[in-house]
Number of protein chains: 2
Amino acid sequence: MTTASICTIGDEILIGQIVDTNSSKISTALNTLGIKVRYMLSIGDDREEIISNLDKCLRDTDIVIITGGLGPTKDDITKDALASLSGATGYKESPEQLAIVKRILGARHIDLLDINLAQALVPDTCEVIPNQLGTAPCMKFPFDEKRYGHRAVLYSLPGVPYEAEGLLDAILEDIKNNFQLERIIHKNIITFGVPESVLSKQIESWEDALPEWLHLAYLPNATIGIRLRLSCYGADDESRVARMDQEIEKLRELLGPTIYGSGDDTLQSILPRLLKCPPEAARQETLSVAESCTGGHLSQLITSIPGCSRYYNGSVTSYSNEVKINVLGVDADIIARYGAVSRECAEAMARGVAELMDTDYSIATTGIAGPDGGSKDKPVGTCWIAAVHRNRTTGEVEVTSKKVLSMSASRDVNIKRFASNALDLLRRLVEQQLF
Amino acid sequence: MTTASICTIGDEILIGQIVDTNSSKISTALNTLGIKVRYMLSIGDDREEIISNLDKCLRDTDIVIITGGLGPTKDDITKDALASLSGATGYKESPEQLAIVKRILGARHIDLLDINLAQALVPDTCEVIPNQLGTAPCMKFPFDEKRYGHRAVLYSLPGVPYEAEGLLDAILEDIKNNFQLERIIHKNIITFGVPESVLSKQIESWEDALPEWLHLAYLPNATIGIRLRLSCYGADDESRVARMDQEIEKLRELLGPTIYGSGDDTLQSILPRLLKCPPEAARQETLSVAESCTGGHLSQLITSIPGCSRYYNGSVTSYSNEVKINVLGVDADIIARYGAVSRECAEAMARGVAELMDTDYSIATTGIAGPDGGSKDKPVGTCWIAAVHRNRTTGEVEVTSKKVLSMSASRDVNIKRFASNALDLLRRLVEQQLF
């Protein structure tokens with residue numbers, strides 16, 4: 001099996017100033033190619049540490065991907081260390097990267113200094129994969145079998161997350177061309193609303209009957225739900241691919257409306273599809289949100305999708321009873337009788353915001369995110385969620401609601417669970433797949 | 001100098017399923033004690049890899065902190081590896097941790113199974129630091145000089161972030177008792193609104209005149225601003241501590257209203273203090289928010305602070321012009337004449353929401369977060385922000401506004417910059433320190 005190691009370089013990670021998110025994205029990508037990531041490592045901006053650790057990585061694994069340490073000011077350390085490690089005799093200019101440096105700085109009206117021009121200089125032992133999104137290129141250093149007892153390749157990427165991510169496809173392509181990898185196809189099936197333990201019981205006999213070249217993995221996430229990743233090894237064999245699709249069909253039958261998507265879907269990314277239902281509808285349907293305990297997070301999830309203004313009208317965060325009453329039109333009696341954290345209040349908030357923002361659908365949350373507050377009947381982690389559909393032709397309003405219990409000690413985790421449950425309730429209302 | 005290494009254990013990190021945030025928090029804490037973190041490492045759930053890598057960590061550094069691999073199902077691998085590495089002859093029960101396991105499962109009405117009881121069993125070579133927030137305790141393994149040529153201590157923590165964080169103080173205390181550390185005092189001064197390059201020019205001569213035992217570090221963050229961390233080494237000498245405070249006073253004079261806080265302050269965490277101004281006021285002042293391009297993120301930041309309902313009434317996310325006009329009361333002519341992304345619209349939104357939610361203060365954002373949209377005059381990354389103060393005694397309304405340009409290619413980064421600039425504008429309005 002082809003193996004890899006991932007190494008981040010930079011004091012800012014070792015002093016805890018920034019969290020390394022690059023390694024996670026890179027390992028996800030490598031895993032989809034069937035490459036085993038043996039370890040990840042973070043080291044400081046120190047020439048000797050860089051050389052000795054990368055030397056160890058190249059000895060241990062076939063592919064080494066490093067990020068960081070390529071900024072114009074720190075340039076010398078990492079690039080110089082790589083030049084030394086690879087036995088370079090000097091530096092060469094990358095014409096493609098130089099053109100990009102000039103374009104980027106020109107667009108920002110920044111004068112071209114020597115330190116900028118130096119970004120396009122690379123050790124003469126490397127090949128350049130141009131970086132369209134930044135000034136530092138990706139450098140590829142191949143090492144032959146004599147050096148480490150096996151063929152090894154090191155890719156050096158800039159540390160800026162969107163630059164590193166932007167280069168990832170080109171690197172994966174290069175890896176596919178350089179290593180004999182078994183063909184693997186991954187397909188994700190995404191579920192929400194059933195806990196992992198229950199889900200695994202439901203599909204136990206299906207899973208047990210899978211052939212050994214078809215693997216199932218559970219990937220749980222508070223915002224997304226549980227992704228079921230099916231991996232088909234040896235996918236050059238077309239009968240295997242066909243069988244994989246059959247198994248996915250069986251899984252869909254077994255789980256029914258627990259499944260809401262596939263691939264990279266999230267509860268918020270499927271909204272464009274959901275709100276165009278039925279597909280023959282001339283105009284898109286619209287959505288609004290009323291939040292109490294989720295405090296803006298639900299609206300933030302929805303607006304994280306570019307182009308959401310086509311179907312999203314907006315939200316009210318009602319953090320006081322007055323706003324619930326005066327802006328959302330919740331009856332003061334409801335709050336007096338049932339409390340703000342109640343089915344009745346959640347439903348009234350959802351009705352109110354749909355009316356206020358004149359939308360076809362709406363969702364509402366009202367609960368106790370903690371860490372303080374709550375009572376014996378309504379402990380921290382309790383949330384009522386509601387979803388509304390207003391039929392503009394008949395004037396009919398359909399309301400559904402549900403109590404969510406999130407028992408995390410973390411305010412942040414509770415808020416995430418409340419918001420994702422609210423999006424799921426909307427999805428089930430649109431698809432008429434209520435609990 | 002005392003050195004440390006940090007190691008996370010778990011396949012879920014190597015396949016990219018979760019991002020490791022524990023290591024960053026641990027390294028921040030170790031750095032404040034003046035301990036140098038030499039490297040961070042992530043390895044899989046593999047007994048041999050665990051033993052050989054931890055052996056290397058103990059050889060290389062004085063303190064090794066590991067997280068993860070202690071869940072009830074995976075128990076055996078890490079605990080067994082640690083037992084073997086430390087030469088344990090068997091397991092012993094921790095009565096304190098057993099009591100905690102019983103309390104936690106009891107509260108959740110879960111029956112006590114053998115795998116739960118096993119959480120309180122630890123190798124007989126370790127000392128236990130009880131974990132109040134979860135079932136797996138912290139295990140401390142001391143190694144004497146004969147083993148690695150220097151005294152070394154390994155701490156094993158659970159991987160759940162809030163459990164690991166909850167144990168950190170006790171571990172730092174233990175480290176202080178076990179290692180002779182130079183006393184270091186750190187103080188943060190937090191700034192917003194001036195770029196790092198300009199800031200460093202402004203304080204250049206002050207910084208050059210600092211004694212060598214007083215260090216300055218810049219810690220920039222899109223949401224918080226730039227933290228200036230001053231570290232006083234050899235702080236047992238009281239004259240040094242006094243000098244540190246004098247230097248901070250000088251810095252405050254140099255930077256004036258660019259400074260908004262100290263310690264762990266953020267633009268949202270200082271709101272309780274800000275909105276009680278003037279201090280003699282009988283009642284707390286209140287805040288509301290109108291968001292367009294920030295889509296809920298601004299409200300989410302404000303509500304991330306527990307207890308914010310004392311001063312925060314709520315928000316409107318107006319993602320359509322109709323909501324701006326019908327809910328916030330923005331004049332349709334303003335949008336027709338100046339566009340939704342304009343000073344006039346931002347100010348009208350802020351006025352509107354303060355009126356609607358009857359608050360003393362309000363803030364508004366309207367801009368283009370990208371990645372698509374924008375025009376030559378108003379490119380992606382343009383945002384107008386406004387802040388309002390309504391004086392309830394005189395009926396007077398004070399409005400201030402500002403254009404923010406964020407040139408990131410990332411929608412997410414643009415949204416963060418818009419929101420933090422809006423919070424800073426409010427802060428400057430309250431403190432009467434406008435640009």
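Student: Where do I start with chain A?

Tutor: Start with the overall make-up. The secondary structure of chain A comes to 17 helices and 17 strands. Its C-alpha atoms fill a box of roughly 80 × 60 × 50 Å along the principal axes. Remember that the model is predicted.

Student: What share of the residues in chain A is buried?

Tutor: Burial is a matter of counting neighbours. A residue is buried if 20 or more other C-beta atoms lie within 10 Å of its own. In chain A, that holds for 44% of the 435 residues.

Student: How is chain A divided into domains?

Tutor: Domain 1 covers 3-178, domain 2 covers 184-262 and domain 3 covers 277-430. Take domains 2 and 3 of chain A: their C-alpha centres lie 31 Å apart. Each gives 7 residues to the contact between them. On the side of domain 2, these are 4 nonpolar and 3 polar residues, with no charged ones.

Student: What about contacts along the sequence of chain A?

Tutor: Look at pairs at least 6 apart in sequence. Of those contacts in chain A, 67% join residues at least 24 apart.

Student: How do I check the length of a helix?

Tutor: Start from the general idea. An α-helix has 3.6 residues a turn, so residues three or four places apart point the same way. Helix H11 (residues 238-255) of chain A has 18 residues and reaches 26 Å between its end C-alpha atoms, close to the 26 Å expected. Just after H11(A) comes Gly256(A), with a positive phi of about 50°.

Student: What span should H17(A) have, and how far apart are its end C-alpha atoms?

Tutor: Its 20 residues should span 28 Å at 1.5 Å a residue, and the end C-alpha atoms are 29 Å apart, which agrees.

Student: Is H17(A) mostly covered or mostly open?

Tutor: Mostly covered. In H17(A), 17 of the 20 residues are buried.

Student: What follows H17(A)?

Tutor: Gln432(A) does, and its phi is positive, near 55°. Here is the general idea. Most residues other than glycine have a negative phi, and most peptide bonds are trans. Gln432(A) is a residue other than glycine with a positive value. It is exposed, with 10 other C-beta atoms within 10 Å.

Student: Where does Asp358(A) lie?

Tutor: In the loop between helix H16 (343-356) and S15 of chain A. Asp358(A) is not a glycine, yet its phi is positive, about 50°. Asp358(A) is partly exposed, with 15 other C-beta atoms within 10 Å.

Student: Which peptide bond of chain A is cis, with omega near 0°?

Tutor: The bond from Gly370(A) to Pro371(A). Pro371(A) sits in the loop between strand S15 (361-367) and strand S16 (382-390) of chain A. Now turn to chain B. The bond from Gly370(B) to Pro371(B) is cis, with omega near 0°. Pro371(B) lies in the loop between S15 and S16 of chain B.

Student: How do S15 and S16 of chain B pair?

Tutor: In the antiparallel sense, over 7 bridges. For one residue pair, look at Ile363(B): its bridge partner in S16(B) is Ala387(B).

Student: How do I read a whole sheet?

Tutor: Follow the strand order. Here 10 strands form an open sheet, in the order S17(A)-S16(A)-S15(A)-S13(A)-S14(A)-S14(B)-S13(B)-S15(B)-S16(B)-S17(B). The pairing is mixed.

Student: Which strands stand at the edges?

Tutor: Strand S17 (397-405) of chain A and strand S17 (397-405) of chain B. Each has a single partner strand, so one side of each is left without a neighbour in the sheet. From one strand to the next, the twist averages 10°.

Student: How many bridges join S2 of chain A to S2(B)?

Tutor: There are 5 bridges, and the two strands run antiparallel. Ser42(A), for instance, has Met40(B) as its bridge partner in S2(B).

Student: How many residues does each chain give to the contact?

Tutor: Chain A gives 48 residues, and chain B gives 48 residues. Several elements of chain B give two or more residues to its side, including helix H2 (22-32) and strand S2 (36-43). S14(B) gives the most, with 7 residues. By class, the side of chain B has 21 nonpolar, 22 polar and 5 charged residues.

Technical notes: Residues are numbered from 1 along each chain as its sequence is written. Chains are lettered from A and ligands numbered from 1 in the order in which they are written. This is a predicted model: local features need pLDDT of at least 70, side-chain atom pairs count only at pLDDT 80 or more; totals for chains, interfaces and linings use all residues. Two residues are in contact if their C-beta atoms, placed from the backbone, lie within 7 Å. Helices (H or I, at least four residues) and strands (E, at least two) are DSSP runs, numbered from the N terminus. Ala, Val, Leu, Ile, Met, Phe, Trp, Tyr, Cys and Pro count as nonpolar, Asp, Glu, Lys and Arg as charged, and the others, Gly among them, as polar. Two strands pair if DSSP finds at least two bridges between them. A residue is buried if 20 or more other C-beta atoms lie within 10 Å of its own, exposed if 12 or fewer, and partly exposed in between; C-beta atoms are placed from the backbone. The expected span of a helix is 1.5 Å times one less than its number of residues. Domain bounds come from an automatic or database domain assignment. Axes are lines fitted to C-alpha atoms, for helices over the stretch in contact, and angles run from 0 to 180 degrees between N-to-C directions.
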